[in-house]
Amino acid sequence: MSNTNNRSQPQEARDEHPDHEHSAADSRMTPLEVLRQARAQLAELTGMVAENVSSFEQTEDGWQLEIEVLELSRVPDTMSLMASYEVQLDPEGQLTGYRRVRRYERGRSDAHRRG
């Protein structure tokens with residue numbers, strides 16, 4: 001009998017919090033979820049490995065990120081071609097657009113820019 005009671009407790013706990021009581025704030029994505037969604041969706045669309053996220057910000061329209069991807073693997077690895085993609089996601093984390101903004105060899109650093 002105690003096993004039956006234990007199985008019913010999670011259902012009772014769910015009944016106490018019906019879905020219609022959840023606010024929009026409860027469904028907001030965390031920054032980590034946004035990062036994961038952006039990397040996964042860009043990789044699926046382009047077929048390239050998303051290696052890291054170099055910038056990340058919340059905008060009025062959702063999210064904007066810059067993601068570094070491996071475009072062409074070479075030997076040695078420092079000669080591989082990398083690219084930075086600017087990626088936009090809506091507030092729910094769905095990719096709405098992307099574009100390549102930079103292409104470079106992995107072993108090269110950015111030139112120093114005077115501001």
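Mentor: On a 1 Å grid over the protein atoms alone, a pocket is an open set of points where a 1.4 Å probe fits, with protein on both sides within 12 Å along at least five of seven lines, and its lining residues have an atom within 4 Å of a point. Its volume is the space filled by probe spheres set on the points, which are joined across faces, edges and corners. The model is predicted, so local features need pLDDT of at least 70 and side-chain atom pairs pLDDT 80 or more, while totals for chains, interfaces and linings use all residues. Residues are numbered from 1 along each chain as its sequence is written, and side-chain values use heavy atoms, without hydrogens and water.

The largest pocket has a volume of about 160 Å³. Eleven residues line this pocket, and Arg28, Met29, Trp63, Pro91 and Glu92 are the closest to its centre. By type, the lining holds three nonpolar residues, four polar ones and four charged ones (nonpolar: Ala, Val, Leu, Ile, Met, Phe, Trp, Tyr, Cys and Pro; charged: Asp, Glu, Lys and Arg; polar: the others, Gly among them). Strand S1 (49–59) and strand S2 (62–72) each give the lining at least two residues.

To place those strands, start with the whole protein. It has two helices and four strands (DSSP runs: H or I of at least four residues for helices, E of at least two for strands). Read from the N terminus, the order is α-α-β-β-β-β. S1 and S2 are antiparallel partners over nine bridges (strands pair when DSSP finds at least two bridges between them). Two residues form the hairpin that joins S1 to S2. Within this pairing, Glu57 has Gln64 of S2 as its bridge partner.

S2 also pairs with S3, again antiparallel and over nine bridges. Here Val69 is bridged to Ala83 in S3, and Glu68 stands opposite Ser84 in S3. S2 is largely enclosed by the rest of the structure, because eight of its eleven residues are buried (under 20% relative accessible area with a 1.4 Å probe, protein chains only; over 50% is exposed, in between partly exposed). S3 is likewise largely enclosed, because eight of its nine residues are buried. Across the protein's 115 residues, buried ones make up 26%.

A search of the whole structure finds two aromatic pairs (ring centres of Phe, Tyr or Trp, the last by its six-membered ring, within 6.5 Å; stacked under 30 degrees between planes, edge-to-face over 60, tilted for the rest). Trp63 forms a stacked pair with Phe56, at 5.3 Å centre to centre and 20° between the planes. Trp63 is buried because its relative accessibility is 9%, whereas Phe56, at 33%, is partly exposed. In the pair of Tyr85 and Tyr98, the centres are 5.9 Å apart and the planes at 55°, so this pair is tilted. It links distant parts of the chain, with Tyr85 in strand S3 (residues 81–89) and Tyr98 in strand S4 (residues 95–105), 13 residues apart. Tyr85 is buried at 7% relative accessible area, and Tyr98 is partly exposed at 35% relative accessibility.
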